[in-house]
Amino acid sequence: MVRAEGVRKSFGRLDVLKGIDLTVRTGQVCCLLGPSGSGKSTFLRCINHLEKIDGGRLTVDGVPVGYREHGGRLYELREREVAEHRRSIGMVFQRFNLFPHLTALENVIEAPLRVARRRRAEVSEEARELLDRVGLADRAGHHPAQLSGGQQQRVAIARALAMKPRLMLFDEPTSALDPELVGDVLDVMRSLADDGMTMVVVTHEIGFAREVADTAVFMDEGVVVEAGAPQDVLTDPRQDRTRAFLSKVL
Ligand code: ADP
Ligand code: MG
């Protein structure tokens, strides 16, 4: 589903991604860990067309991100094509980014209505099912300010799912939450994984990564330091940098 080969990204003279190699197979969960500033968010943003890569090759579901292949040549995607690609990718951020003036239900139906231009009745019914799936069937009419951080984050997950993505990206989805609210969000993510969703999750929840991830990837300073099965990378890492990081977050 995601294949990165030597992906590079710089901001001016700052090399943020220095050749990332990473593969996420369909139906698998990849957890990305690493110190602040190591390039994790930038990498997710590249996958989701929010940043353009400067080198290497990045494909989602076989399609090059940012470029179109035609007759053996690469062409930069037009805005409309980028929008189309992005529709198949759901993203959940640390901050929930819900529309404050809309209810939970309205937040979930916003993109299917306006971006996909689907019928309100049909979309509303799906949205209720999604809110039920994230444990918020009884909160459909609440505004974000009336919901806890954990509930808002679950609405954000439902909202991302409403576009029926093939791939879900999570960028530290529980980092901004009070500790007692983290579990419910992780439970929703775990059930998504159980249902076979392909997911790339930036997280420092080592327990979640050990239990749910098919692969764990440790990044530092724009490179993949170590990648493999979570029981290796997170329990018995080979690299000193991975070990040092884990001893700090555990
Ligand atoms: P992480 O998510 O691992 O903490 P980021 O991908 O957010 O790391 O950032 C990696 C580096 O890139 C940091 O040094 C950050 O300051 C820098 N960076 C990120 N986005 C931009 C940007 N839009 N312009 C300039 N520098 C950026
Ligand atoms: Mg980040």
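User: Which backbone oxygen does the side chain of Q153 reach at 2.7 Å?

Analyst: The side chain of Q153 reaches the backbone oxygen of F93 at that distance, and it also reaches the backbone oxygen of P173, at 2.8 Å. Both are polar contacts, meaning a pair of N or O atoms within 3.5 Å, where within protein one must be able to donate a hydrogen and the other to accept it, and residues adjacent in sequence count only if both atoms are side-chain atoms. Before we go on, this is a predicted model, in which local features need pLDDT of at least 70 and side-chain atom pairs count only at pLDDT 80 or more, while totals for chains, interfaces and linings use all residues. Residues are numbered from 1 along each chain as its sequence is written, chains are lettered from A and ligands numbered from 1 in the order in which they are written, and side-chain values use heavy atoms, with hydrogens and water left out.

User: Is Q153 buried or exposed, and what does it touch?

Analyst: Q153, which lies in helix α5, counts as buried because its relative accessibility is 0%; buried means under 20% relative accessible area, exposed over 50% and partly exposed in between, with a 1.4 Å probe and protein chains only. Not counting residues up to four places away in sequence, Q153 touches V92, F93, Q94, F96, P173 and V185, where contact means heavy atoms within 4.5 Å.

User: V185 sits in another helix, I think. Which residues of α6 are buried?

Analyst: The buried residues of α6 are V182, V185, L186, V188, M189, L192 and A193. They lie on the same side of α6 because they cover an arc of only 155° around the axis, the arc being that of the directions from the helix axis to the C-beta atoms. On the other side of α6, E180 and D194 are exposed.

User: What covers that buried side?

Analyst: The cover over the buried residues of α6 includes β3 (29–33), α4 (120–133), α5 (149–161), β9 (167–171), β10 (198–202) and α7 (206–212). Helices (H or I, at least four residues) and strands (E, at least two) are DSSP runs, numbered from the N terminus.

User: How far does α6 reach from end to end?

Analyst: α6 spans residues 179–194, 16 residues in all, and reaches 23 Å from its first C-alpha to its last, close to the 22 Å expected at 1.5 Å a residue; the expected span is 1.5 Å times one less than the number of residues. Just after α6, G196 takes a positive phi of about 95°.

User: And α4, which residues are buried there?

Analyst: In α4, the buried residues are V123, S124, A127, L130 and L131. Seen down the axis of α4, they fall within an arc of 120°, so they line one face of the helix. A121, E125, E129 and D132 are exposed on the other side of α4, and what covers the buried residues includes α3 (104–114) and α5. G135, which follows α4, also has a positive phi, near 80°.

User: Which residue other than glycine has a positive phi near 55°?

Analyst: That is D61, in the loop between β4 (55–60) and β5 (63–64), and D61 counts as partly exposed at 35% relative accessibility. E172 is not a glycine either and has a positive phi of about 45°; E172 lies in the loop between β9 and α6 and counts as buried at 15% relative accessibility.

User: Switching to the ligand, which residues are around ligand 1?

Analyst: With a heavy atom within 4 Å as the cut-off, the residues around ligand 1 are F11, L14, V16, P35, S36, G37, S38, G39, K40, S41 and T42. α1 (40–47) and β2 (14–24) each supply at least two residues of this shell, and α1 gives the most, with 3 residues.

User: Which polar side-chain atom lies 2.5 Å from an oxygen atom of ligand 1?

Analyst: One belonging to T42.
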